[in-house]
Amino acid sequence: MTTESADVVIIGGGIIGMATAYYLAKLGSDVVVVEKGEIAGGTSSKCDGNILAIDKEPGFDSQMSLESQKLVSQLVMELDEEFEYRAPGSILVCESDEEMEAAEMWVNRQKEVGLPFRMLDRGEIRSEWKYMADDIHGGLECATDSTVNPVLLTYSMAVTAERLGARLKTHTWVTGIRLDPSGAVEGVETSSGLIRTKHVVNAAGVWSKPIAQMVGIEIPVEPRKGHILVSSRTESIGTRKVMEFSYLMSKFGKERKVDQLTEQYGVALVFEPTASQNFLIGSSREFVGFDMKINVDVIRCIARRAIRFFPVMKDIPVLRSYCGLRPWTPDHLPIVSRVEEVPGFYIAAGHEGDGISLAAITGKVMSECITGQETTISIEPLHYNRFKKEAGKR
Amino acid sequence: MRHVNEGYIVCRCEEVTGKQLEDAYLLGAITSRQLKMKTRATMGACQGRVCRQLVNLWLSKKDQCADKGVEPLSYRTPIRLVTFGELAGEE
């Protein structure tokens with residue numbers, strides 16, 4: 001057992017923790033990251049990889065993604081290793097006139113807050129997507145959406161942070177957080193010893209709730225499971241991300257016109273071509289605790305949904321499937337916040353399926369918040385206080 | 001003369017060479033999982049049936065303590081190749 005010290009200890013070596021470590025190290029802070037497994041060993045490697053504004057609520061949420069997109073395009077230059085960055089935009093497609101009307105409202109609201117959205121008619125969809133089912137009514141596009149390999153981005157932030165002086169302690173568990181008599185943070189107890197520090201960032205994703213409980217704070221972050229299928233290498237089906245419009249309904253828990261299993265498992269089409277000439281197919285959303293086993297019924301349902309939009313996939317082999325746990329919050333916004341009751345304790349967690357999208361902006365504002373600078377965007381809407389009453393009731 | 005071992009293929013499906021493993025290792029990929037993520041070894045059509053042992057062997061020769069106590073490379077459903085159509089239950 002050893003004792004060391006640091007300006008900031010970050011709990012969690014996923015993409016949120018590593019982004020925070022990178023931006024803090026860049027500002028000259030002495031940072032230690034404590035990770036119970038490997039870097040990007042949890043949710044950050046069991047997901048797809050996009051920096052999307054298209055699926056964010058128009059206004060604060062979508063602008064936050066736009067800021068993250070700008071930061072990620074700069075990270076291409078700043079970080080030591082490449083991470084398969086591309087910015088081809090992304091689209092949503094509609095199955096009915098009703099969805100087209102809702103899509104038009106979505107586009108108008110996004111345009112009002114300054115985002116590069118536009119409607120796509122049936123002809124435009126057909127000319128870009130020759131394998132798409134021919135009963136698709138049209139869709140919409142966000143021109144700035146970008147894509148990355150989330151594991152390589154996390155690794156790249158990790159090696160760059162290390163070069164800037166950050167220390168990464170993998171396979172190390174947090175066993176407690178030590179407070180001084182006034183209730184402020186004074187250290188983090190780990191399986192390999194004490195780290196003295198006045199600042200702790202809880203970036204533990206789906207495990208952030210028990211970490212917060214260590215200092216008597218309740219946060220409503222719950223694991224929500226999602227499955228993804230990987231195709232074998234194949235002729236290109238499409239060159240950018242496409243999702244079905246009713247993915248938004250699934251994401252925000254609204255009613256959809258789909259069969260019972262599709263509804264139950266929260267299945268909605270997500271198609272994502274990768275840099276390795278195959279594609280990923282999602283998605284599902286379920287509350288089943290920390291169960292990480294593949295549910296064959298769910299991946300069957302995802303495959304059916306994929307074929308509904310891309311009949312050609314019927315004959316394309318599935319290489320593998322995987323699933324991950326997304327850190328859900330009740331209002332679909334992350335918690336990026338200081339905690340007034342415990343001076344020195346910060347939370348950067350609860351990004352659900354937006355962790356890759358929002359990692360850069362989250363890390364940036366966390367670093368600014370901890371070092372007492374003005375934040376790039378206002379983080380007031382992300383304050384943990386908004387859940388205080390609700391969490392207290394549990 | 002080119003080093004004899006440099007270009008030998010470890011992962012046939014993704015065409016990953018010993019040299020690529022070496023380069024990734026030198027850049028900090030020191031577990032089999034990190035080697036996989038950096039080079040795509042074991043991620044191709046056969047899902048590591050051919051190369052999983054080779055990657056582990058290569059790594060254990062590099063560092064006898066490598067991967068001790070670390071989560072081993074996983075096996076993913078479906079175990080045999082099926083099409084999206086077969087999975088969906090269509091003919």
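Reader: How far apart do the C-alpha centres of domain 1 of chain A and domain 2 of chain A lie?

Author: In this predicted model, the C-alpha centres of the two domains lie 31 Å apart. Domain 1 of chain A is assigned as 2-46 + 151-221 + 331-393, and domain 2 of chain A as 90-143 + 222-328.

Reader: How do you know that 13 residues of domain 1 of chain A are in contact with residues of domain 2 of chain A?

Author: Two residues count as in contact if their C-beta atoms lie within 7 Å, and by that test 13 residues of domain 1 of chain A are in contact with 12 residues of domain 2 of chain A.

Reader: What makes a set of residues a nonpolar core, and how many residues has the largest one here?

Author: A core consists of buried residues of nonpolar kinds such as Ala, Val and Ile, joined through C-beta atoms within 7 Å. The largest has 129 residues, and A:Val9, A:Ile11, A:Ala21, A:Val31, A:Ala306 and A:Tyr346 have the most contacts inside it. At least three residues of this core come from each of domain 1 and domain 2 of chain A. A second, separate core has 13 residues, including B:Val10, B:Tyr25, B:Val55 and B:Leu59.

Reader: Which residues does A:Ala306 touch?

Author: Leaving aside residues up to four places away in sequence, A:Ala306 touches A:Leu269, A:Ile281 and A:Met313, and also B:Phe84 of chain B.

Reader: How many residues of chain A are in contact with chain B, and which element of chain A gives the most to that side?

Author: There are 25 residues of chain A in contact with 21 residues of chain B. At least two residues of this side of chain A are supplied by each of α5 (150-163), α9 (296-309) and β18 (317-328), and α9(A) gives the most, with 7 residues.

Reader: Why is α1(B) called roughly perpendicular to α2(B)?

Author: Helix α1 (residues 18-26) and helix α2 (residues 32-39) of chain B pack at an angle of about 115 degrees, with their axes 10 Å apart. Angles of 65 to 115 degrees count as roughly perpendicular, and therefore α1(B) is described as roughly perpendicular to α2(B). Their crossing is right-handed, and the contact is made by B:Gln20, B:Leu21, B:Ala24 and B:Tyr25 of α1(B) together with B:Leu35, B:Lys38 and B:Thr39 of α2(B).

Reader: What makes A:Ser73 count as partly exposed?

Author: The term covers residues that lie between the cut-offs of 12 or fewer for exposed and 20 or more for buried, and A:Ser73, with 15 C-beta neighbours inside 10 Å, is therefore partly exposed. A:Ser73 is found in helix α2 (residues 60-78) of chain A, and its C-alpha atom is separated by 8.9 Å from that of A:Arg86, 13 residues apart along the chain.

Terms used: Residues are numbered from 1 along each chain as its sequence is written. Chains are lettered from A and ligands numbered from 1 in the order in which they are written. This is a predicted model: local features need pLDDT of at least 70, side-chain atom pairs count only at pLDDT 80 or more; totals for chains, interfaces and linings use all residues. Domain bounds come from an automatic or database domain assignment. Axes are lines fitted to C-alpha atoms, for helices over the stretch in contact, and angles run from 0 to 180 degrees between N-to-C directions. Helices (H or I, at least four residues) and strands (E, at least two) are DSSP runs, numbered from the N terminus. Angles under 35 degrees count as roughly parallel, over 145 as roughly antiparallel, 65 to 115 as roughly perpendicular and the rest as oblique. A crossing is left-handed if the near helix is turned anticlockwise from the far one by less than a right angle, and right-handed if clockwise.
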